[in-house]
Amino acid sequence: MDRKAGPRGQPFKGAKSLATGGFNLKLDVKTFRQLRLLTPVLDDILSAGEVECPDQAVNLAALAQLCSELFDAYRCMHPDEIAEARLDALESR
């Protein structure tokens, strides 16, 4: 898979944000829908304080994979900003 590609090789689109001066990562429709479908799983787990069933575990893994792909795409587009954010996070600990 291309490092700037999303699930199943679909490209993510970067766009300069005029409001913040930063860069956004536009989600394709399929990725957006996948996130919307998987988000309630995380809410359920956080509410219960535990993973309650195998379906939740499987969906949690799917959400983690999708988040990882989004992060990889963003990092490829903006490696310097990611490096700076990691340094800032380390310094604030």
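# Reading the labels on a predicted model

Of the 93 residues in this protein, 22% count as buried.

Q: What makes up the pattern of the protein, read along the sequence?
A: Along the sequence the pattern runs β-β-α-α-α.

Q: Why are helix 2 and helix 3 called roughly perpendicular to each other?
A: Let's start with the general idea: two packed helices are described by the angle between their axes and the distance between the axes. Here the axes of helix 2 (residues 54-77) and helix 3 (residues 79-91) cross at roughly 110 degrees and come within 5 Å. Angles of 65 to 115 degrees count as roughly perpendicular, so helix 2 and helix 3 get that name.

Q: Which residues make the contact between helix 2 and helix 3?
A: Helix 2 brings Phe 71, Tyr 74, Arg 75, Cys 76 and Met 77, while helix 3 brings Pro 79, Ile 82 and Arg 86. Sorted by class, the contact of helix 2 with helix 3 has six nonpolar residues, two charged residues and no polar ones.

Q: Why is His 78 called buried?
A: Buried means under 20% relative accessible area. His 78 has 5% relative accessibility, so His 78 counts as buried. You will find His 78 in the loop between helix 2 and helix 3. His 78 and Phe 23 are 55 residues apart in sequence, and their C-alpha atoms are 8.0 Å apart in space.

Q: Gln 56 or Glu 50: why is one called buried and the other partly exposed?
A: Take Gln 56 in helix 2 to begin with. Its relative accessible area is 9%, and under 20% means buried, so Gln 56 is buried. Glu 50 sits in the loop between helix 1 (29-48) and helix 2. With 45% relative accessibility, Glu 50 falls between the 20% and 50% cut-offs and therefore counts as partly exposed.

Q: What do Gln 56 and Glu 50 touch?
A: Leaving out residues up to four places away in sequence, Gln 56 touches Val 41, Asp 44, Ile 45, Glu 50 and Val 51. With neighbours within four places set aside, Glu 50 is in contact with Ile 45 and Gln 56.

Q: How do you know how many disulfides there are?
A: A disulfide is a covalent bond between the sulfur atoms of two cysteines. The rule looks for a pair of cysteine sulfur atoms within 2.5 Å, and by this rule the count comes to zero.

Terms used:
Residues numbered from 1 in each chain as written. Predicted model: local features only at pLDDT ≥ 70, side-chain atom pairs only at ≥ 80, totals over all residues. Heavy atoms only, no water. Axes fitted to C-alpha atoms, helices over the stretch in contact; angles between N-to-C directions. Helix = DSSP H or I, 4+ residues; strand = E, 2+ residues; numbered from the N terminus. Parallel < 35°, antiparallel > 145°, perpendicular 65-115°, else oblique. Contact = heavy atoms within 4.5 Å. Nonpolar A, V, L, I, M, F, W, Y, C, P; charged D, E, K, R; others polar. Buried < 20%, exposed > 50% of the residue type's maximum accessible area, 1.4 Å probe, protein only.
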